[in-house]
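Me: Please take a close look at one part of this model, the helix packing. Then connect it to whatever else stands out.

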Amino acid sequence: MSKKNEPLRVKPLEESRAIAERHARAVLDVIGAPVTPQGVSSKDGPCENSDGGVSGADSYSLLHMYNVVVAPARQVEVLRRVRDAFAAQGVRVAQDEIYDIPESPGGKVSGVDEADGFRILVSSTSPPEQITVWVTSPCFANPGQGSR
């Protein structure tokens, strides 16, 4: 969501999908493991407005997601590599919760690309047999639809 009383930035949905895919692919390259057979899941919908209600069709945010098969014994190492790659890619680490516990390895790392506002969350599943890569966009106005 944009700051109060500021118009939303205008961006076509397809452009946001391309940016989200670029962020996801950068993480998938670091992970270096197979994507689950389901492949990518991508959903968009209206943004919440400042009072918590759903805004109209003039805005959207995007969720772009992959699951990757990563053995429990590799979860910690993979999450650490992702965290280190964020810094190299100019993504600010916002959350770093990696648990090197033999009976339950894994955790989550999240970051924000300050240049475009997209958020990236890389998280172990429970049980830690996969890693989920979530990329979410900020709230944008659809071109030609105005802004809130």
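**Helix packing and beyond**

Reply: This is a predicted model. Helix H1 (residues 13-31) packs with helix H2 (residues 75-88) at an angle of about 135 degrees, and their axes are 9 Å apart. Angles over 145 degrees would count as roughly antiparallel, and 65 to 115 as roughly perpendicular. H1 and H2 are therefore oblique to each other. Their crossing is right-handed. On the H1 side, the contact is made by Val27, Val30 and Ile31. H2 contributes Val78, Arg81, Val82, Ala85 and Phe86.

Next, the covalent link. The structure holds 1 disulfide. Cys47 and Cys139 form it, with sulfur atoms 2.0 Å apart. The torsion about their S-S bond is about 110 degrees, so the disulfide is right-handed. Cys47 sits in the loop between strand E1 (41-45) and E2, while Cys139 sits in the loop between strand E6 (130-136) and strand E7 (140-141). The pair therefore ties together parts that are 92 residues apart in sequence. Both Cys47 and Cys139 are buried.

Now strand E2 itself. Spanning residues 59-69, E2 includes Asn67. Asn67 has 18% relative accessibility. The cut-off for buried is under 20%, so Asn67 counts as buried. Its side chain has a polar partner: a contact of 2.7 Å joins Asn67 to the side chain of Gln130.

Technical notes. Residues are numbered from 1 along each chain as its sequence is written. This is a predicted model: local features need pLDDT of at least 70, side-chain atom pairs count only at pLDDT 80 or more; totals for chains, interfaces and linings use all residues. Side-chain values use heavy atoms; hydrogens and water are left out. Helices (H or I, at least four residues) and strands (E, at least two) are DSSP runs, numbered from the N terminus. Buried means under 20% relative accessible area, exposed over 50%, partly exposed in between (1.4 Å probe, protein chains only). A polar contact is a pair of N or O atoms within 3.5 Å; within protein, one must be able to donate a hydrogen and the other to accept it, and residues adjacent in sequence count only if both atoms are side-chain atoms. A disulfide is a pair of cysteine sulfur atoms within 2.5 Å. Axes are lines fitted to C-alpha atoms, for helices over the stretch in contact, and angles run from 0 to 180 degrees between N-to-C directions. Angles under 35 degrees count as roughly parallel, over 145 as roughly antiparallel, 65 to 115 as roughly perpendicular and the rest as oblique. A crossing is left-handed if the near helix is turned anticlockwise from the far one by less than a right angle, and right-handed if clockwise. Contact means heavy atoms within 4.5 Å.
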